[in-house]
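These exercises concern salt bridges in a predicted model. Work through each task before reading its solution.

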Amino acid sequence: MAKTSTKCICYLCGKAIESNLKNNAMELSMDHVPPKQFYPKRVRASRNLNLNLAPSHKACNEDYKQDEEYFYHSLYPIITINNPRMGSLCSKDIQRRAQKPQTRNIIQKILSTAVTTTERGIHLPDGLSRFTLDGGRIERVAAKIARGILFLSTERYFEEQQIIRMDFYAKPSEIIEPYKFALQLNHLAGVCPDVFAHSHINFQGKGFRLLLMLFWKSFIFCATVKDTVA
Ligand SMILES: [Zn+2]
């Protein structure tokens with residue numbers, strides 16, 4: 001199930017990764033798709049997970065680190081509502097990581113937006129709508145993961161702009177057509193479906209793909225991707 005690509009182009013910028021670079025921002029860094037931190041430590045320790053890895057420049061994937069932290073911490077409350085068992089495993093990780101000033105800052109930043117209402121397109125369940133989330137940061141991470149999956153299945157680079165639509169559902173049962181149809185064609189699967197599962201459909205000849213990504217069995221991102229190879 002797990003895939004590791006050996007082709008040496010960066011899945012994030014599409015440029016070649018030179019071999020033999022050491023201590024260099026442009027050196028090869030195998031990036032987890034989705035980020036390793038999404039798998040609670042207890043889950044990683046109890047199962048021998050063969051997580052997906054895609055090649056990137058160290059600098060390219062480090063550029064997303066802050067947004068990945070933001071994604072995880074701002075969407076975590078949905079896990080506690082939709083999948084309490086997984087929510088408690090994530091909570092243990094968060095408590096441990098909140099010792100780090102960087103993580104603590106992100107959590108404080110999210111909490112500081114309380115009381116205002118959501119302005120972006122992301123609709124949250126009752127109780128969460130008190131927080132204003134930065135939809136742009138969340139989408140950027142969802143798009144990165146989508147591009148990682150696309151790279152691993154096609155060995156091709158996909159630009160962020162090729163993702164022409166990204167929908168978010170805090171309740172996976174509420175997804176609409178054509179995503180619903182896509183799910184019937186191809187069920188969600190993954191190395192550890194409790195954390196992440198996806199379904200990827202290539203509409204050959206139509207020039208687009210649909211990608212559904214379910215996180216922690218709690219919420220789902222649906223992407224429509226324009227393909228350059230019809
Ligand atoms: Zn790169």
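**Exercise 1.** Determine which parts of the chain are tied together by the salt bridge between Arg-85 and Asp-194.

Solution. Start with the distance: the side chains of Arg-85 and Asp-194 approach to 3.7 Å, N to O, and the cut-off for a salt bridge is 4 Å. Next, place the residues: Arg-85 belongs to helix 4 (residues 84–97), while Asp-194 sits in the loop between strand 4 (189–192) and strand 5 (196–203), so the bridge ties together parts that are 109 residues apart in sequence. Finally, check the accessibility: Asp-194 has a relative accessible area of 16% and is buried.

**Exercise 2.** Find the salt-bridge partner of Glu-68, and state whether Glu-68 is buried or exposed.

Solution. The partner is Lys-144, with the closest N and O atoms 2.5 Å apart. Glu-68 is in helix 3 (residues 65–82) and Lys-144 in helix 6 (residues 135–154), so this pair joins parts 76 residues apart in sequence. Buried requires a relative accessible area under 20%. Glu-68 has 2% and is therefore buried; Lys-144, at 2%, is buried as well. The pair also belongs to a network of salt bridges that links Asp-31, Lys-65, Glu-68 and Lys-144.

**Exercise 3.** Classify Asp-167 and Arg-165 by accessibility.

Solution. These residues form a salt bridge with the closest N and O atoms 2.6 Å apart. Asp-167 has 13% relative accessibility, so Asp-167 is buried. Arg-165 has 45%, so Arg-165 is partly exposed.

**Exercise 4.** How many salt bridges are there by this rule?

Solution. Applying the 4 Å cut-off gives a count of 13 salt bridges.

Methods
Residues numbered from 1 in each chain as written. Predicted model: local features only at pLDDT ≥ 70, side-chain atom pairs only at ≥ 80, totals over all residues. Heavy atoms only, no water. Helix = DSSP H or I, 4+ residues; strand = E, 2+ residues; numbered from the N terminus. Buried < 20%, exposed > 50% of the residue type's maximum accessible area, 1.4 Å probe, protein only.
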